[in-house]
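Please read them with the structure open beside you.

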Amino acid sequence: MRIHRVLFSLALMMVTVAPMPAGPSPQLPPPAIETRPTVSPEWLMPYRDAAARLIGASLASDAAWQRLAYIGDTFGHRLSGSPNLEAAIRWAVEEMQRDGLENVRAEPVKVPHWVRGRESLEIVGTIPQPLVMLGLGNSIGTPPGGIEADLVVVHSFEELDAMRARVRGRIVLFNVPFATYGETVRYRSAGPSRAATLGAVAALVRSVGPPGLRTPHTGSLQYAEGQPQIPAAAVTAEDAARLQRMSDRGTQVLLKLMMEAHFLPDADSANVVGEIRGRERPDEVVVIGGHFDSWDVGTGSTDDGSGCVATWEALRLMKKLNLRPRRTVRVVLWTNEENGGRGGVSYRDRHQTELGSHVMLMESDSGVLHPRGFGFSGTDAARAKIRDIAMLLSGIQVDAIGPSGGGADISPSVQQANIPALSLESDGNYFLIHHTPADTIDKIDPMEMSRSAAAIAVMAYVVAEMQETLR
Ligand SMILES: [Zn+2]
């Protein structure tokens, strides 16, 4: 709470007063946070007061964190098609109305309905050895009695192809250490089909994430069209290492995989939308949001409850402070990002005629753990503006602007209408808990949540309020 207050007053000072004098005063202790130069351009002057108020109100409150905790505690996970997600959506509509947001609505979306069911993996032997696993999203199940087959371990697609003679009839483990998400995730998405093509009967993937505490990471796979489909699951880094050691010793490892995973007919779901209508140019829209669905393990608090609540909080703060910008600010909680992406596509299609007057789209789907700034994609002129606006965030140290911004839910609209795109970027260890049972509220510091919401609020407010249109 004390740090809360120190940061709060520092942030206010940095936004509202002239640049801090250089060098520490000998009478004063060193500052609690690094202070950066804040010589911001003249055009930002009219927005400094509103920015200071938004930051002040956000840092003085843990309302966003409390709301996120409530969602996880009340509804649990929010997998597409689950009653949990639909109850959370109904609640969010009512809660946005209670906040006083305008044009609050649920825009219907049909979503795939994948169900995990019971599942297990064990090393077969006189004393069976259960392993920690999670079926991959969109996987088919095994026959009711499971699949028993010998293990073969590979470390790349090249090695898989080279070992094709040994793959037929086996369970393939892709034991690939986590490098970056972008680099390693292809073994989860494409590995099962690559193995199936060579005659494997099931696929296992070392969890896509840094080693945790025997934590399995789920996530979706994509079956290649026209190829046989085999069941697939993630195993923990520790269990992958164990299977590797046994294989290196020349032990023939017999595995039994059982998964009840299956699809039900597509289900009704919705994107939740709320607005603060613009006072002068209501048809020009700044969209911010996150995806409200999650995997069915943990409570999706970081991925992506945090992005939903932080962007939503930006509108709540504007409303509370009576800040009605020139243009409309719209929050969207997209559905079905994790195993279908239908919410983002549906938003694009439903708002087709309006996309030309979307000024900016922002998605927060990288967590709020140690926010550092925003990724941005757009013209050089727009980038220069965004960089300037970020100076208003130096006091809370969320002022870095990265080379590219975007997100799975905004990209259909961004691509179609060439709209400037932002994403909140953070330095925290997001991929340690990503898609795991450990994605729960306790990993999130209320202060980080408040800093993220403040940064999003200031960015969205200034883009919606400034004279010139960003795009
Ligand atoms: Zn996500």
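**Notes on the predicted model**

1. Eight strands make up an open sheet of mixed pairing, in the order E3-E2-E9-E5-E6-E7-E8-E4, where strands (E, at least two residues) and helices (H or I, at least four residues) are DSSP runs numbered from the N terminus, and two strands pair if DSSP finds at least two bridges between them. Strand E3 (129-131) and E4 are the edge strands, each pairing on one side only. Direction ignored, neighbouring strands of this sheet are turned by 30 degrees against each other on average, the axes being lines fitted to C-alpha atoms, for helices over the stretch in contact, with angles running from 0 to 180 degrees between N-to-C directions.

2. This is a predicted model, in which local features need pLDDT of at least 70 and side-chain atom pairs count only at pLDDT 80 or more, whereas totals for chains, interfaces and linings use all residues. Residues are numbered from 1 along each chain as its sequence is written, and side-chain values use heavy atoms, with hydrogens and water left out.

3. Within the sheet, E5 and strand E9 (residues 254-259) run antiparallel and are joined by four bridges; Ile147 has Leu257 in E9 as its bridge partner.

4. The loop between strand E4 (133-135) and strand E5 (147-154) holds Asn138, which is buried, with a relative accessible area of 15% (buried means under 20%, exposed over 50%, partly exposed in between, with a 1.4 Å probe and protein chains only). Leaving aside neighbours within four places in sequence, Asn138 is in contact (heavy atoms within 4.5 Å) with Trp114, Ser220, Leu221, Tyr223, Phe263 and Asn339. Asn138 and Asn339 are 201 residues apart along the chain, yet their C-alpha atoms are separated by 7.0 Å.

5. His291, in strand E11 (residues 281-291), and Asp365, in the loop between strand E13 (358-363) and strand E14 (371-377), link distant parts of the chain, 74 residues apart, and both His291 and Asp365 are buried.

6. Of the 20 residues of H10, 18 are buried, so this helix is largely enclosed by the rest of the structure. After H10 comes Asn322, whose phi is positive, near 60 degrees.
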